[in-house]
Amino acid sequence: MSLIGHVVATESSPNTAYSFRFWADQKCRIGIGTVIRAEYADTKVFGIVVQAYAYNDVPGAMADFLGREGRPDMTPPTARPEVRLYEAAVLRRMPEEPVGAIGIGPVFEATEEDLNDALGAGKYRDRGIPIGVYGSKANPMAVYADPEFLLGPEAGHLNVTGTSGLAAKTSYILFLLTSIFQRFRGEGGEGVATVLFNVKGGDLLFLDHETQSPLDEEHRRMYSVCGLDPKPFTNVHYCAPFKDEAKEVVDSLRTHEDFKNSPTSGFCFGLSEALEHAEVLLNRDDLDAKADAFLQFLRKVAANEEKLILEGTQATFRTLREMLACIQKMLDEAKANNETTFQSHHVATIRKMHNRLSGFLMRFPGLISAGGDPVPALPEAFDDRHIYVIDVSRMASDAQDLVFASVIGKLREKMELGRLGVRRLIVAVDELNKYAPSGGRDTYVVQSLRDIAARGRYLGLTLFGAQQFRSKVDAQIVGNAANSAYGHIQLEELTNSIYTVYPAAIREKLASASPGEMMVRHPHFSQPIFIKFPIPPVLKGSDGMARWPAKVVERIEDRIVRLAVVRDPELKPHEIWAHLDQVTTPDRPAILHRVEQQIGSGDAPREVLRRLGKLAPQQVTGQYPADADDPFA
Amino acid sequence: MVAGRSIASLLGAREGLRLIRRPAELDDEVFFGLTDSSAEDARVVEGSELKMFAVANTGKSDFTHFMDGAQRARLAFYDHDMPGYVAFLNGAVLVRADVDMILSPQAYEAKLGVFAPSESTALGLLRASNEYDIHPVQCEPNRGMSGMAEDVRNEISATRDLLEVKLIRTWLESDTDGWLFVDGGIAQVCKRVGEFKRVVGVVKSHRKQYFSSTAPSKVVLGLDEGERTSVFEARTRHGDVSWSWYLRLRSDDGESPAFGLIRVEMPAAEETLNHVDTVSSWLMAERAPLSLPDARFDRLLYPIRFVEQFLRARHPSEATLSAMIGV
């Protein structure tokens, strides 16, 4: 217990019930975020420093200039005394009543016991989740969060804000997951699991591997005071969308052959997901009321809730290709009957939707199965202390949106039905700015995230969201996050009104925070606390990528295009693609394989493709016999 | 009404004429106010006549201890026409280590008392209560209310002087290493003429004029920045003697003649002459830092201002004094 200063209050600058000032010795290591204890009468008050001042008795710059005779190097015989004055916000007082103005008394450096008292950790310390450390490098003290207020049911969710690349948002979430997996009480069905989206590079693709270099003493000490074992996660499942219709190769950076015993599993969506989330994939102009009505019609037909009569018989479709064929038939039938509508849908609308939906084949090869069954990304029920990483880093933005919408929607359903399989499931979502922007469209994704944020904590689903600009995220989603963490934040973002609740010094500290520093809010903390956290005990994405470079796997279509252009430079890639797109039969992978072989063995690409285009429709209907040169044979 | 021509233009450039750009805050009116035109000039002990000497500005000072006293007096009551004051007096010796003033004083004295004319029956009642330190003041008969108030205030100052003397004596008797810088004269302390002590007094107000004849008077008033006079014998009205010299700390160009002018006192001993230049250069060095915003910044050297601040910080507030008085 070290005495460091004294509370000071004047008539012009009095203490209040929630803030007070104190001076302290210059040598004391006090800064913004330092926790201190003041005592007066029988009361202990815990405060956190939110502003710091320093001044001496010089009345103005001119006096100092004249006093030093205009010479900066002049050292007067007497040094002016300097005062270090601090403003503290009250964290807690003991006893808690009455809530009166803070009295005058000595100020002490906070001990570990003080820190726990200040943060109200006494009530939950033994089941608490370490969320970082407070204090100096030499003497770090663990800071705990109440699991019932982090993972529910009392409160829940975490929102992390910080500048990309500087704030270590992902690192902090991984550290927290380490802490939760090691400290959360409950096993089996009462346990905890996590779903992570890997949105860039190899960030989350090596969570089951140790760090490249051993942790240094400072970081090991932080783990030690938190009572954590700095070891990588043991049960991690990686999945990524298939690269193409063949469903043999996944579109992921984690494809090195060293992972053959724990490969990245592939997944793809079927027709129902494509239709359910079509609004994610179509732009706003496409989805007018008429288009939306036709989409609804297709959904109902796919779900056998509505009949589709084509050429006098009821038609059904199970795959995207079958559906596109049916839509083409609708157009053909309307044309044959000289009608402008088909089952009340205008042919122009039908044609537009056919055009847009057929674009899915090109835009999402492998992600949306054109002619096969869907392969789910996640298991039906989650296992305790397991992490499920969905790698969407190789995908285009709209494809990422589709994965995200589909997975979140599925989790929401499981949550509703109580079929998560574990007591708590954490879903970590980066780039909330993108998925749930403030003032944006009220999309399915936004609705799902809002629903999870509002009700998830009761039902076991916790959202760990992260973004660069908190001010640009849907207010309900961030507002329902009982826990917040702030790393380095750009000054421009800090000028937003949501940060004005923090004193200027706090904002300035956030603007210069280093990776590994966070300001955290938790329902038990009456003021935000500055903490540090150790680097997560897992291999960094960049290190993992250097050790296990991704196997370069070209899609067969890409290989054909490349080969064909080499053999016939006059051929344009889009022409080749147009030929390949005509192959819509279930055995498309085998056909394309033969096309590749034939071009590779020296056949004229133009001729091979011509045969492909000419024969394809007939081959579908089975009117022509097989031919040795025919890639369809 | 504004005159057509300025005084300066009317008088022109004349020897001995000084136009004052800025009136001094402190003691223009009392500057050399106690001059007795019939009095003889003080005895010069450094040479035979008062001269000017340039002082080296080394930027270094070896003063190690600083003593000052302060007081806060408040009129507490009138017993008929007799004023009663509550006064808090304190003094301290602070140490400077390297360039830092040490906040724990080497010596500190404080006194809280009630001062009133001895005839005051109120004072008698307070004395009987044994709760206050009582200081009866002997006032001349028929002094009137303002005269009695002046006598009481003088007694308060005299009591503070005694407190300061006690602190200086204690320091001198302790044989502490270093040099003591005292705010004010030291003649009252250094009664034994011929005995040298490492104590220097700095007098900032110049009510007494030690030289009234023209030549030495011109020397004093003509001192430029960084110049001192010869050492002379300064004698108080109580007959106490010190050796003294004037030193101009700052240029008085366009200022009052007293601007930047201090009178330095040291013990009346031959050894003093060996230290006059050194001590003068130390005092020049002590001009920094500036003592602003104190109005006496031209003569008030910073360490003494620091001690003043230290002492004032310990004075009871107006609220405390009012509570003591019961109003």
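This is a predicted model: local features need pLDDT of at least 70, side-chain atom pairs count only at pLDDT 80 or more; totals for chains, interfaces and linings use all residues.
Two helix pairs in chain A are worth a look. Helix 8 (residues 289–302) and helix 10 (residues 347–363) of chain A have axes that come within 10 Å and cross at roughly 70 degrees. That angle makes helix 8 of chain A roughly perpendicular to helix 10 of chain A, since angles of 65 to 115 degrees fall in that class. On the helix 8 side of chain A, the contact is made by K290(A), A291(A), F294(A) and L295(A). Helix 10 of chain A brings T349(A), I350(A), K352(A) and M353(A) to it. Sorted by class, this contact has 5 nonpolar, 1 polar and 2 charged residues.

The other pair is helix 11 (residues 397–417) and helix 13 (residues 444–459) of chain A, whose axes also come within 10 Å but cross at roughly 30 degrees. Here helix 11 of chain A passes helix 13 of chain A in a left-handed crossing. Helix 11 of chain A puts in F404(A), A405(A), I408(A), G409(A), R412(A) and M415(A). Facing them from helix 13 of chain A are Y444(A), V445(A), S448(A), L449(A), D451(A), I452(A), G456(A) and L459(A). The class tally for this contact is 9 nonpolar, 3 polar and 2 charged residues.

In chain A, M94(A) and P95(A) are joined by a cis peptide bond with omega at about 0 degrees. P95(A) belongs to the loop between strand 5 (83–94) and strand 6 (106–109) of chain A. Chain B has a cis bond from A288(B) to P289(B), where omega is near -5 degrees. P289(B) is likewise in a loop, this one between helix 6 (276–285) and helix 7 (302–312) of chain B.

For Q343(A), which is not a glycine, phi is near 45 degrees. Q343(A) lies in the loop between strand 15 (341–342) and strand 16 (345–346) of chain A. It counts as partly exposed because it has 16 C-beta neighbours inside 10 Å. E431(A), another non-glycine residue, has a phi of about 60 degrees. The loop that holds E431(A) runs between strand 18 (424–429) and helix 12 (432–435) of chain A. With 20 other C-beta atoms within 10 Å, E431(A) is buried, as the cut-off for that class is 20 or more.

Turning to chain B as a whole, its secondary structure comes to 8 helices and 12 strands. Of its 327 residues, 38% count as buried. Among contacts in chain B with a separation of 6 or more, 65% link residues 24 or more positions apart.

Technical notes
Residues are numbered from 1 along each chain as its sequence is written. Chains are lettered from A and ligands numbered from 1 in the order in which they are written. Axes are lines fitted to C-alpha atoms, for helices over the stretch in contact, and angles run from 0 to 180 degrees between N-to-C directions. Helices (H or I, at least four residues) and strands (E, at least two) are DSSP runs, numbered from the N terminus. Angles under 35 degrees count as roughly parallel, over 145 as roughly antiparallel, 65 to 115 as roughly perpendicular and the rest as oblique. Two residues are in contact if their C-beta atoms, placed from the backbone, lie within 7 Å. Ala, Val, Leu, Ile, Met, Phe, Trp, Tyr, Cys and Pro count as nonpolar, Asp, Glu, Lys and Arg as charged, and the others, Gly among them, as polar. A residue is buried if 20 or more other C-beta atoms lie within 10 Å of its own, exposed if 12 or fewer, and partly exposed in between; C-beta atoms are placed from the backbone. A crossing is left-handed if the near helix is turned anticlockwise from the far one by less than a right angle, and right-handed if clockwise.
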